[in-house]
Amino acid sequence: MSQLMNFSRRFTLAIPALLASLSLATITTSGAYADGLEIGEKDLVIGQADAANTFVEYASMTCPHCARFHADGGLYQKIKEQFVDSGQANIVYRDLPWDGMAFRAALMTRCLPLEKQEAMVSLIYKNQATWSRSPEELVKLFAITGMTP
């Protein structure tokens, strides 16, 4: 039984690292995927659009691991500081909603002007515990931007 518990504990500890690595894919060609998909004009691109390297993040706004990835001082901030701010890379944020609340948050974020979306994504992850189970709280969060239901 103790071997099963050790496996479960190790497995549980490995899940956040696995999710973080799967949620972030790296592209080395500027603006195009190996399989021919392009970065669209409506994609949320953080950093210089013509950077030599691109990180593509697929995330769900209700995922606690994604929120931890985006937390102040988290891995997202470190990647942004080291690679994006220096012009070596950009980040393309793509929604991969796991549930209805994540879909609503993503949809409302995409209704904002492109230049406000990055700040809203950060605000959503920062306040995830407040709004993720309450549509009313999500509406309040978006009221900050001037959006009305």
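This is a predicted model: local features need pLDDT of at least 70, side-chain atom pairs count only at pLDDT 80 or more; totals for chains, interfaces and linings use all residues.
1. Let's start with Asp 72. Leaving aside residues up to four places away in sequence, Asp 72 touches Gln 77 and Lys 126. You'll find Asp 72 in the loop between α2 and α3. Its relative accessibility is 63%, so it counts as exposed.

2. Now step back to the whole chain. How many helices and strands does the chain have? There are seven helices and four strands. Reading from the N terminus, the order is α-β-β-β-α-α-β-α-α-α-α.

3. The chain has 149 residues, and 34% of them count as buried. Its accessible surface is about 9100 Å², with 60% of that belonging to carbon and sulfur atoms. If you take the contacts between residues at least 6 apart in sequence, 71% of them join residues at least 24 apart.

4. Next, the inside. Which residues have the most contacts within the largest nonpolar core? They are Met 61, Tyr 93, Ile 124, Tyr 125 and Trp 131, in a core of 28 residues. Several elements supply two or more residues each to this core: strands β2 (44-46), β3 (53-59) and β4 (89-95), along with helices α2 (64-70), α3 (75-84), α4 (100-110), α5 (114-126) and α7 (135-143).

5. Not counting residues up to four places away in sequence, its contacts include Tyr 93, Ile 124, Tyr 125 and Trp 131. Met 61 also touches Ala 102, Ala 105, Ala 106 and Val 121, among others. Asp 95, Thr 109 and Gln 128 are on its contact list too.

6. Helix α5 is a handy one to check by eye. It has 13 residues and reaches 19 Å from first C-alpha to last, close to the 18 Å expected at 1.5 Å a residue. Which residues of α5 are buried? Look for Gln 117, Met 120, Val 121, Ile 124 and Tyr 125.

7. On to the rings: there are two aromatic pairs. In one of them, Phe 55 and Phe 83 have ring centres 5.8 Å apart and planes at 50°, so this pair is tilted. Phe 55 sits in strand β3 and Phe 83 in helix α3, so the pair ties together parts that are 28 residues apart in sequence. Phe 55 is buried at 13% relative accessible area, while Phe 83, at 26%, counts as partly exposed.

8. Phe 69 and Tyr 76 make an edge-to-face pair, 6.2 Å from centre to centre with 65° between the planes. Both partners are covered up: Phe 69 is buried, with a relative accessible area of 6%, and Tyr 76 counts as buried at 4%.

9. Last, the cysteines. The structure holds zero disulfides.

Technical notes: Residues are numbered from 1 along each chain as its sequence is written. Side-chain values use heavy atoms; hydrogens and water are left out. A nonpolar core is a set of buried Ala, Val, Leu, Ile, Met, Phe, Trp, Tyr and Cys residues joined through side-chain atoms within 4.5 Å. Buried means under 20% relative accessible area, exposed over 50%, partly exposed in between (1.4 Å probe, protein chains only). Contact means heavy atoms within 4.5 Å. Rings of Phe, Tyr and Trp (its six-membered ring) pair if their centres lie within 6.5 Å; planes under 30 degrees apart count as stacked, over 60 as edge-to-face and the rest as tilted. Accessible areas come from the Shrake-Rupley method with a 1.4 Å probe; for residues, only the protein chains shown count as cover. A disulfide is a pair of cysteine sulfur atoms within 2.5 Å. The expected span of a helix is 1.5 Å times one less than its number of residues.
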